[in-house]
Amino acid sequence: VQLSPFVASTSFHAPAMLAKKAATIDEISGGRLILSLGSGWNRPEYDAYGFAYDHRVSRFEEAFTIIRTLIRTGSIDFEGEYYTLRDCELKPQPRQDMQILVGSSGPRMLEITTPHIDAWNIWFASYQNDITKLPAALQVVDDAAAAVGRTGKEIDKTAALLVQLGSGDPIRVSGFNDDPGKAVVGPEALQEALLAMSEIGIGHVQLVLDPITVETVELAAGAVEGFRLAKP
């Protein structure tokens, strides 16, 4: 089982400390961490905790440079508008070639991240949980990768999928917008959805289960096993 914050907001942490936390989790989990990063977006969280809300993408750009450099090389000297580090070292280094994932489709965020990321994610509400809308979103990433000299195949495409399973009362899952779309309902429909997502190039799926119970996790596991057996 792989682990990941979904996602760690660079606005909420000193970037070097976030890299240190990631390396620590990687160590104690035996190298199972995917480092998912974002700039943050929810203004009430910023106001409640006293985080700066201005220039979020510019702040993210500096933080992203610091974090990926420490994770991948172990040291950095950096002087920016928002962060300054002197002789900063990350020891021990992550035991794996840690994957870095981001989930933004904004042009500037893609310009910042596509030269360096291993994986990209889309939240279910961003495509209204409608698999037929995913190819267009994937093309945006492929185009951004091509613009920096990479192929789309170099970036693992991932997506969240809202699924309703089991007999419990549904919970309200945040879609991050007003139109989260319709959930995939039932194990058979989930298996079919996974096959469809695989065929269009999605390499990793995060299942957002509604409700989240032992029963629904077991039902999802059965659907995933069926998908693996049916996949060409």
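Predicted model: local features only at pLDDT ≥ 70, side-chain atom pairs only at ≥ 80, totals over all residues.
1. **Strand 2 and its cover.** Which residues point which way? Ile 34, Ser 36 and Gly 38 point one way from the strand, Leu 35 and Leu 37 point the other way, and all are buried. In a regular strand the side chains alternate between the two faces of the sheet.

2. **Neighbours of strand 2.** Strand 2 pairs with strand 1 (residues 8–9) in the parallel sense, over 2 bridges. If you want a residue to look for, Gly 38 in strand 2 is the bridge partner of Ser 9. Between these two strands the chain passes through helix 1 (residues 15–28), and this β-α-β crossover is right-handed. Strand 2 also runs parallel to strand 5 (residues 99–102), joined to it by 4 bridges. Here, Ile 34 stands opposite Gln 99 of strand 5.

3. **The start of the chain.** Val 1 lies in the segment before strand 1. Is Val 1 buried or exposed? Its relative accessibility is 83%, so Val 1 counts as exposed. Together with Leu 3, Ile 25 and Ile 28, Val 1 makes a nonpolar surface patch of about 420 Å². Val 7 is also in the segment before strand 1, and the peptide bond leading from Phe 6 to Val 7 is cis, with omega near 0 degrees.

4. **Another cis peptide bond.** The bond from Lys 91 to Pro 92 is also worth a look: this peptide bond is cis, with omega near -5 degrees. Pro 92 is placed in the loop between strand 4 and strand 5.

5. **Positive phi angles.** His 55 is not a glycine, yet has a positive phi of about 50 degrees. His 55 sits in the loop between helix 2 (43–49) and helix 3 (56–73), and is partly exposed, with a relative accessible area of 49%. The cut-off for exposed is over 50%, so the 49% of His 55 leaves this residue in the partly exposed class. Asp 87 has a positive phi as well, near 50 degrees, and is a residue other than glycine. Where is Asp 87? Asp 87 is in strand 4, and at 65% relative accessibility it counts as exposed.

6. **Salt bridges.** The count of salt bridges comes to 8. Side chains of opposite charge can pair when their charged atoms come close. One of the salt bridges joins Lys 157 and Asp 142, with the closest N and O atoms 2.9 Å apart. This pair links distant parts of the chain, since Lys 157 is in strand 7 (residues 156–164) and Asp 142 is in helix 5 (residues 134–147), 15 residues apart. Lys 157 counts as buried at 7% relative accessibility, whereas Asp 142 counts as partly exposed at 25%.

7. **Two further pairs.** Arg 150 and Glu 154 meet through their side chains in a salt bridge of 3.5 Å, N to O. Arg 150 is buried, with a relative accessible area of 15%, while Glu 154 counts as partly exposed at 41%. Arg 59 and Asp 54 form a salt bridge too, at 3.0 Å from N to O. Asp 54 is partly exposed, with a relative accessible area of 37%.

8. **A buried polar side chain.** Asn 121 belongs to strand 6 (residues 119–122). With 5% relative accessibility, Asn 121 counts as buried. What does the Asn 121 side chain contact? It makes a polar contact with the side chain of Thr 158, at 2.8 Å.

9. **Two distances to check on screen.** Met 197 is in helix 6 (residues 187–199) and counts as buried, at 0% relative accessibility. From Met 197 to Leu 161 is 36 residues in sequence and 9.9 Å in space, C-alpha to C-alpha. Glu 81 is found in the loop between strand 3 (75–79) and strand 4 (84–89), and is exposed, with a relative accessible area of 65%. Glu 81 and Leu 37 are 44 residues apart in sequence, and their C-alpha atoms are 20 Å apart in space.

Note on methods
Residues numbered from 1 in each chain as written. Heavy atoms only, no water. Buried < 20%, exposed > 50% of the residue type's maximum accessible area, 1.4 Å probe, protein only. Pairing = 2+ DSSP bridges. Right-handed = clockwise from strand over helix to strand, strands pointing away. Patch = residues over 30% accessible without salt bridge, like charges linked within 9 Å, V, L, I, M, F, W, Y side chains within 5 Å. Areas by Shrake-Rupley, 256 points an atom, 1.4 Å probe, with all protein chains shown as cover. Salt bridge = Lys/Arg side-chain N within 4 Å of Asp/Glu carboxyl O. Polar contact = N/O pair within 3.5 Å; in protein donor to acceptor, adjacent residues only side chain to side chain.
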